Each structure stands twice: as C-alpha cells, then as structure tokens.
Amino acid sequence: MLAALRCRGPRCVPAAVPAWSPWLVPSRGRKSRHDPPAKSKASRLKVPPPVDPAELCVITERYRQHRLVLSALRSIFKSEVVQKKREAQRDAENSAALSEEHRMLMAWNDAENARQRARREERIRKEEEERKLQKLQAAENKAKVMEAFLKEKEKEILQLQEEAKTFITPENLDARIEECLDNPRNYNFAIDKEGRIVKRTALS
C-alpha cells in the first residue's frame, strides 16, 4: 500500500517491485548511509573483541600449515599438468615419428613382397619347364623302351620262324624218319671239366 501511495508522476515505480530498490524510501527505524550517527552514539568507539594469545598462536600456526599444504598441492597439480603436457607433446612427436617409420616399413615390405613374388614366379616357371622336360624325356625313354621291346619281339618272331622250318609236321614226318634212320646219333657219352667228350658208348 505504501508503494502504491508513493507512485506519483511520470516516474512512477511499477506495482511489482523487488524487496530492495533505489526508488524505495528506507522504512521507519532505518537510516541511509549518508545520515550522520545518532547523538547518543556520536562518542561511541568500536573496540574489537579481545583475542586470546594462545588461541591466536594456534590459529596462526594452523593457517600457516594450511597455506603450506595448499601450496604443496598446487605445486603437485601444476607439475602433473606440465608433465601431462610434455607427455602429450612427446606422444605427438613419437606418433609422427612412428607414422613415418611405419610408412617406411610398409614401403620396404611392399618392395620385399614384390621381389619375393618375382622370385616365386621365376621358380614356378623353371619348375614347370623342368616338369615338361621330364615328361618329354620320360615319353622319349618309354618310346625307346617300347621300340627296343618291339625289335626284340620281332627278332624272336624271326628266330621262331627260322626254327619253325625244322619242325616236324605231318607233311614231312616220313622224310624226317628216313633222315633219322640214315643218320643215327649217340647221346650216351661222358665229358670232362672243359666240356670235351672223353668217352662214348658204341651204338647197339
């Protein structure tokens, strides 16, 4: 209600004002900071409360220890931050060096793989050529063996054909009998170690 009564003129304070505002007049029993002290308190001197020397010494020592602990913690945290920054910078440098080293190793690995691939392809080509030569040589050897076998068989056939001319057949049976009767042979004889006939029995 008091605020509503003070709202006059164009510079009127709005109805909804905060608890403190420069437009508000101090309430009853309060003075502004520019008002002089009361006459009853003009000669009054403010004296601080008495302090116990022993308690002051204890508090001073505790504050000193507190400041030392805070200073130590601050130094530790600062050193940790500096160490982390150094480690991060070193890791960045190491990562760059590692990346360069990795790139060089990968290039060397690619070159080595290419060289080994060329050697492997050359070895496979030589092995293939050797295998073809071995197959060709085996085929030639087989052909030679087959040719020698056929020649041997042909020779045996010719020999058998020559021997077949002396075979006894129904056609020449009588002639062979007459020949045997005309030319008797004695197979009852003894030989020595050299194969010479040493003794022969007489035909009966």
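At 41% relative accessibility, E129 counts as partly exposed (buried is under 20% relative accessible area, exposed over 50%, partly exposed in between, with a 1.4 Å probe and protein chains only). E129 forms a salt bridge with R125, with 2.8 Å between the closest N and O atoms (a salt bridge is a side-chain nitrogen of Lys or Arg within 4 Å of a carboxyl oxygen of Asp or Glu). Both residues lie in helix α2, four residues apart, about one turn of the helix. R125 is also partly exposed, at 39% relative accessibility. Salt bridges that share partners join E122, R125 and E129 into one network.

The model is predicted: local features need pLDDT of at least 70, side-chain atom pairs count only at pLDDT 80 or more, and totals for chains, interfaces and linings use all residues. Residues are numbered from 1 along each chain as its sequence is written, and side-chain values use heavy atoms, with hydrogens and water left out.

Two further pairs belong to helix α2. R103 and E100 meet through their side chains in a salt bridge of 2.4 Å, N to O; they are three residues apart, about one turn, in the helix that spans residues 53–164. R103 has a relative accessible area of 49% and is partly exposed, and E100 is partly exposed at 37%. E112 and R115 form a salt bridge in which the closest N and O atoms are 2.4 Å apart. These two are also three residues apart in helix α2, separated by about one helical turn, and R115 is partly exposed at 40% relative accessibility. In total, the structure holds 13 salt bridges.

## Surface patches

V69, L70, L73, I76 and F77 make a nonpolar surface patch of about 430 Å². Patches consist of residues with over 30% relative accessible area and no salt bridge; like charges are joined within 9 Å, and nonpolar side chains (Val, Leu, Ile, Met, Phe, Trp, Tyr) within 5 Å.

K31, K41, R44 and K46 form a positive surface patch. Lys and Arg count as positive and Asp and Glu as negative, while His and the chain ends are not counted; the place of a charge is taken as NZ of Lys, CZ of Arg, CG of Asp or CD of Glu. K41 is in the loop between α1 (2–6) and α2.

N188 lies in the loop between α3 (173–182) and β1 (189–191) and is partly exposed, with a relative accessible area of 45%. Leaving aside neighbours within four places in sequence, N188 is in contact with R200 and T201 (contact means heavy atoms within 4.5 Å). N188 and R200 are twelve residues apart in sequence, and their C-alpha atoms are 6.1 Å apart in space.

## The chain as a whole

The protein chain has three helices and two strands, in the order α-α-α-β-β along the sequence. Helices (H or I, at least four residues) and strands (E, at least two) are DSSP runs, numbered from the N terminus.

Of the 204 residues in the protein chain, buried residues make up 1%. Among contacts with a separation of 6 or more, residues 24 or more positions apart account for 0%. The accessible surface comes to about 20100 Å², of which 59% belongs to carbon and sulfur atoms; accessible areas come from the Shrake-Rupley method with a 1.4 Å probe, and for residues only the protein chains shown count as cover.
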